[in-house]
Every structure is written in C-alpha cells, then in structure tokens.
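Hi,

Here is the structure I promised to pass on. Have a look at it first, and my notes on what turned up follow below.

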Amino acid sequence: QVRLVESGGGSVQAGGSLRLSCAASPYGVAPFSAYTMGWFRQAPGKAYEGVAVIENSGKTFFADSVKGRFTITKDNARNTLYLEMNSLNSADSATYYCAAQSGRTSYDPLDYRGMGYWGSGTLVTISS
C-alpha cells in the first residue's frame with residue numbers, strides 16, 4: 001500500500017549520467033523502510049527487465065547489464081528511492097518504473113512479478 005511517483009527521466013547523450021527518483025507515499029501499515037524497492041525498465045518491443053533492487057536490509061541486486069554503472073539507494077527519511085545511472089548507452093533507453101514490495105515472494109529479486117506496487121514510469125532516452 002504505497003503510491004510511487006518517478007521523476008528524473010529525460011534525454012541524455014551516450015556516456016552521460018542521469019539520476020532517477022521515486023517518491024513513495026505509504027498509506028498502509030508498512031512504512032517505506034519496510035519495503036523492498038526496485039527499478040525496472042521496458043524498452044519498446046522488449047520485455048520488462050529488472051534493473052536494480054534494494055531490500056529493506058540494504059542488500060542490493062543489479063542486472064548484469066548495469067553492474068558497475070548503476071547505483072540504487074534509498075533515503076528512508078525522505079521516503080525516496082534513487083537510481084544513479086552512469087556511462088549510459090543506447091541499451092539503457094527505456095521507460096523506467098519504480099516498484100515496491102512488502103513481504104517475501106518466491107520470485108528472484110529482479111523479477112518484476114515479485115513486485116506489488118508500481119509507479120507510472122519515467123522515460124529515459126539515450127542519444128548517440
């Protein structure tokens with residue numbers, strides 16, 4: 001039970017950086033700090049891809065394609081999730097979605113099916 005609103009998307013040249021934000025507004029019993037949070041993306045004609053996830057313990061998971069380039073963090077005091085993206089390339093062009101899940105699931109951390117709450121997405125376009 002959390003509302004998620006992404007921001008920070010836009011157009012950036014290849015090799016550049018971009019920081020996405022996800023403002024979370026919990027309205028149930030679980031506070032923001034209790035949620036597993038993640039970023040998922042979908043490029044045109046592509047399947048949803050788990051980009052990065054951070055559990056409430058602080059443990060993180062990254063897609064192989066973004067390891068070493070992306071960083072996921074969350075600020076529990078501000079109820080905000082971030083995705084710092086560096087060394088961007090054309091394969092990173094996609095709509096990026098913020099997602100949240102409270103409690104355990106049987107899915108891999110980067111499997112979108114394990115997330116229960118979603119934002120509406122923010123578009124990231126990488127130009128060459």
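What radius of gyration would a compact globule with 128 residues have, and what does the protein have? The globule value would be near 14 Å, and the protein has 14 Å, which agrees. The radius is taken over C-alpha atoms, and the globule rule is 2.2 Å times the number of residues to the power 0.38. Along its principal axes the C-alpha trace spans about 45 × 30 × 25 Å.

Before the rest, some housekeeping. This is a predicted model, so to speak of local features we need pLDDT of at least 70, and side-chain atom pairs count only at pLDDT 80 or more, while totals for chains, interfaces and linings use all residues. Residues are numbered from 1 along each chain as its sequence is written, and side-chain values use heavy atoms, with hydrogens and water left out.

**Fold**

The protein has 0 helices and 11 strands (DSSP runs numbered from the N terminus: H or I of at least four residues for helices, E of at least two for strands). Of its 128 residues, 41% count as buried. Here buried means under 20% relative accessible area, exposed means over 50%, and partly exposed is in between (1.4 Å probe, protein chains only).

**Cores and disulfide**

In soluble globular proteins, nonpolar side chains tend to be buried together. In this model the largest nonpolar core has 30 residues, and those with the most contacts inside it are Met-37, Trp-39, Leu-81, Leu-83, Met-85 and Tyr-96. Strands β1 (2-7), β3 (18-26), β4, β5, β7 (70-75), β8 (80-85), β9 (94-101) and β11 (122-127) each supply at least two residues of this core. There is also a second, separate core of 5 residues, including Val-53, Ala-99, Leu-110 and Met-115. By core I mean a set of buried Ala, Val, Leu, Ile, Met, Phe, Trp, Tyr and Cys residues joined through side-chain atoms within 4.5 Å.

A search of the whole structure gives 1 disulfide (a pair of cysteine sulfur atoms within 2.5 Å). Cys-22 and Cys-98 form it, with their sulfur atoms 2.0 Å apart. The angle about the S-S bond is -75°, which makes the link left-handed. Both Cys-22 and Cys-98 are buried.

**Salt bridges**

Side chains of opposite charge can pair when their charged atoms come close. The whole structure has 7 salt bridges, each being a side-chain nitrogen of Lys or Arg within 4 Å of a carboxyl oxygen of Asp or Glu.

Asp-92 is the one I'd click on. Its side chain meets that of Arg-41 in a salt bridge (2.9 Å, N to O). Asp-92 lies in the loop between β8 and β9 and Arg-41 in strand β4, so the pair ties together parts that are 51 residues apart in sequence. Asp-92 is buried, with a relative accessible area of 0%, and Arg-41 counts as buried at 4%.

Arg-69 forms a salt bridge with Asp-92 too, the closest N and O atoms being 2.7 Å apart. Arg-69 is in the loop between β6 (60-62) and β7, 23 residues from Asp-92, and both Arg-69 and Asp-92 are buried.

Elsewhere, Asp-75 pairs with Arg-78, with the closest N and O atoms 3.7 Å apart. Asp-75 is partly exposed at 24% relative accessible area, whereas Arg-78 is exposed at 62%. As for shared partners, salt bridges join Arg-41, Glu-49, Arg-69 and Asp-92 into one network.

**Surface and backbone**

Tyr-48, Tyr-112 and Trp-118 form a nonpolar surface patch with about 280 Å² of accessible area together. Patches are made of residues with over 30% relative accessible area and no salt bridge, joined within 9 Å for like charges and within 5 Å for nonpolar side chains (Val, Leu, Ile, Met, Phe, Trp, Tyr). The areas come from the Shrake-Rupley method with a 1.4 Å probe, and for residues only the protein chains shown count as cover. Tyr-48 is found in the loop between β4 (36-42) and β5 (49-54) and is partly exposed at 36%.

Most residues other than glycine have a negative phi. Asn-79, in the loop between β7 and β8, has a positive phi near 50°. Ser-87, in the loop between β8 and β9, also has a positive phi near 50°.

Cheers
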